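Please report on the fold of this two-chain model. Cover overall shape, the sheet and the core.

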Amino acid sequence: MWGIFLESVVIFKNYMGFHENGYLAGIYLFVLLYLWLTEKDKRRRAIFVYAPTLLLLMFFCPLFRKIFVRLLEDSETYYRLLWLLQMSIVSAYGMMKLCGRHRRIGLAVVCVAIAACGNYVYDSEHITRAENVYHLPQEAIDIVDLIEPEEGRITALVPADLIYYIRQYSTNIELPYGREMLIARWDYHHAMYEAMEKADVIETETFAELARQYPCAYVILKEDRKTDKPLTECGYTLYDQVGDYLIYKDMETDDAI
Amino acid sequence: MVQLFGLLLWLVIIPIGIGLIPVHFVSADKRKPGIVLLAGYFGMWAVFELVTIPAVIFVKYDNFKVASNCFMVLAILCAAAGIWLAYRDRKEWKLISPVVCVREMSWAERIEWLLFFALLGFQLYKAAAYASFDGDDAYYVVESLIAQQADVMYRILPYTGRPTDLDVRHVLAVFPMWVAYVAVKSDIHATIVSHLIMPMVLIPLSYLVYYEVGKLLFCRSTEKNHPENLPIFMIVMAMFQIFGNVSIYTNETFFLTRTWQGKAVAGSLVIPALFWLFLLIHDGTAKKRADMGLWILFVCINMTAGVCSSIAVFLVCILMAVTAFCLAIVERDYKIILKMAAVCIPNVLYMMIYVIMGYSYLLK
């Protein structure tokens, strides 16, 4: 039980971003304490003070966590219980109450405190300027436009960095493996993925043999991907190039399924 | 033009029409455009859930086409009924023009509202001009696209395109199918609807919930009013969303980086909406009989949790139980627990389907 409790503490710390000096939770806990001491309206006390406190206690309760995880068969989403605290609503309400009549100076102080304790969401490395209305990399779209059949579907083998995007643009392109291979903790094994991504140098003969099992009408490789002999010697032709990606067409495989 | 009409119809007109039904059962002083729109969206998603889940489970081929046709008919009927109800009791409506509201404000309040709208506009601009990468899109967005392009729900593995069995963790949360429905009706690619259109709808909708919460906290008629605090509350809420990215797990991070995913909607729209209703029902002005519409709305919000994510159903049940328990103690009215339990019945049914589907292999 103590171990489960400690796990919950770690989840709480990770959620609140303590390891990255995010102290927004500090504001929330301070406001919660302040509301404990000052909130007179009994209904608001129930909604903004008692319920969040009870939820926090439940979050750290090992028995509750055991039941939650057993019911959902998923321990990775336990942190979502903290969404029920609605930190922003409770904190904003408490801060407004704390500022009282000093509204404007209070607003300035609160905004500075939030900016100082929080983390600017648009600084995230995952947010980049959109290249098109799909919000997908333009290279993925250009590649699909080149290989997509007019009718039916084809299978294509693409490098890991395109896997997320290809089927977001067109579901007429099928893949031998998908995103599941890229999540290490899911621990999947796939021979084609091993041959495509894990080998330092692609063994072209085996690789081509595997790719034809699906059958992959196109193979897309990064320009700098090393192969022990060119794909063109194994029945492929260089169909086109998009940015850093070389598109090979398998001349032994029919186009659409 | 057709695309714009499709969006206008399914993202504005139909939700407003549907919202007029629960609002009809709410006392006249609570009937406001904001409540209508929110009730409309939650009502629409509840109807969508009712139609789509049976189609997912029982229809194998073209299940999206079946579900979307049934939903279209039902939604139009509901919207028409709502409009008819609103027309019938049109004399009870007391709408105040926004111009009058602005005129009554002090200059300071106007500037504060402008500041809030600047922050909201900034978030919308970022949502439109910047792409946010999330690996889960390879599942959810592709599910929407498969439904749009192949008329199939949850029978094709989004990652590869191969046929698959129903995956209980995802099939009951039909939010991607609603995105697909909007995409089909507006004839816009589902990925564009997800990444571009949905943030333009869901971000303002979430702020509408925060606005309604703020109004109950600062503009109540039963105590000394502090309506001048409302714009400041909204600014603080917007600041929290923009700077709430203390980790990848917070609902604020989900709100602005994965807006179009059901779980983000659950965290930033559904759960705050429950707070709104807790306050609305227990703000001391609720007229027991006249406010049946609020309980209908409670049911719709609970059902929307199921549309968004299976886990959200468990979460809202926990929130409802804990808050009902606390309210029952402070109010010394234990009927609240029964009422809150009653509005959770759809969630219980949802969980039963989840468990039956999840453990059906044991029966074979």
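This report goes from model basis to chain shape, then to the sheet, a loop and the core.

## Basis

The model is predicted: local features need pLDDT of at least 70, side-chain atom pairs count only at pLDDT 80 or more, and totals for chains, interfaces and linings use all residues. Residues are numbered from 1 along each chain as its sequence is written, chains are lettered from A and ligands numbered from 1 in the order in which they are written, and side-chain values use heavy atoms, with hydrogens and water left out.

## Chain shapes

Chain A holds ten helices and six strands. Helices (H or I, at least four residues) and strands (E, at least two) are DSSP runs, numbered from the N terminus. The radius of gyration of chain A is 27 Å, well over the 18 Å from the globule rule for 257 residues, so chain A is more spread out than a compact globule. That radius is taken over C-alpha atoms, and the rule is 2.2 Å times the number of residues to the power 0.38. The C-alpha trace of chain A spans about 80 × 45 × 35 Å along its principal axes. Two domains are assigned in chain A: domain 1 (2–123) and domain 2 (138–250). Such bounds come from an automatic or database domain assignment. The C-alpha centres of domain 1 and domain 2 of chain A are 45 Å apart.

Chain B has 16 helices and one strand. Its radius of gyration is 20 Å, close to the 21 Å that the globule rule gives for 364 residues, so chain B is as compact as a globular protein of that length. The C-alpha trace of chain B spans about 60 × 50 × 45 Å along its principal axes.

## Burial and contact range

Buried residues make up 53% of the 257 in chain A. In chain B, 63% of the 364 residues count as buried. Buried means under 20% relative accessible area, exposed over 50%, and partly exposed in between (1.4 Å probe, protein chains only).

Take contacts (heavy atoms within 4.5 Å) between residues at least 6 apart in sequence. In chain A, 58% of these join residues at least 24 apart. In chain B, the share is 73%.

## The sheet in chain A

Five strands of chain A form an open, mixed sheet in the order 3-2-4-6-5. Strand 3 (173–174) and strand 5 (236–242) of chain A stand at the edges with a single partner strand each, so one side of each has no neighbour in the sheet. Two strands pair if DSSP finds at least two bridges between them.

Strand 2 (residues 154–157) of chain A pairs with strand 3 of chain A in the parallel sense over two bridges. Thr155(A) stands opposite Glu174(A) there. Strand 2 of chain A also runs parallel to strand 4 (residues 216–222) of chain A, joined by three bridges. Here Leu157(A) faces Val219(A) as its opposite residue. From strand 2 of chain A, Ile154(A) and Ala156(A) point one way, Thr155(A) and Leu157(A) the other, and all are buried. The chain then crosses through helix 8 (residues 160–169) of chain A to strand 3 of chain A in a right-handed β-α-β crossover. Right-handed means that, with the strands pointing away from the viewer, the path from the first strand over the helix to the second runs clockwise.

Six of the six residues of strand 6 (residues 245–250) of chain A are buried, so strand 6 is largely enclosed by the rest of the structure. One side carries Tyr245(A), Ile247(A) and Lys249(A), the other Leu246(A), Tyr248(A) and Asp250(A).

Strand 4 and strand 6 of chain A run antiparallel, joined by five bridges. Lys222(A) has Tyr245(A) as its bridge partner. Strand 5 and strand 6 of chain A pair antiparallel over six bridges. Asp240(A) stands opposite Ile247(A). Strand 5 and strand 6 of chain A form a hairpin with two residues between them, and Gly243(A) in the turn has a positive phi of about 55 degrees.

## A loop residue

Tyr188(A) lies in the loop between strand 3 and helix 9 (191–198) of chain A. Leaving aside neighbours within four places in sequence, Tyr188(A) contacts Glu180(A) and Met181(A).

## The nonpolar core

The largest nonpolar core has 236 residues, and Trp178(B) and Trp276(B) have the most contacts inside it. Helix 9 (residues 190–218) of chain B gives the largest share of this core, 18 residues. At least three core residues come from each of domain 1 and domain 2 of chain A. A nonpolar core is a set of buried Ala, Val, Leu, Ile, Met, Phe, Trp, Tyr and Cys residues joined through side-chain atoms within 4.5 Å.

Beyond neighbours within four places in sequence, Trp178(B) contacts Leu11(B), Tyr41(B), Met44(B), Trp45(B), Phe48(B) and Met198(B).
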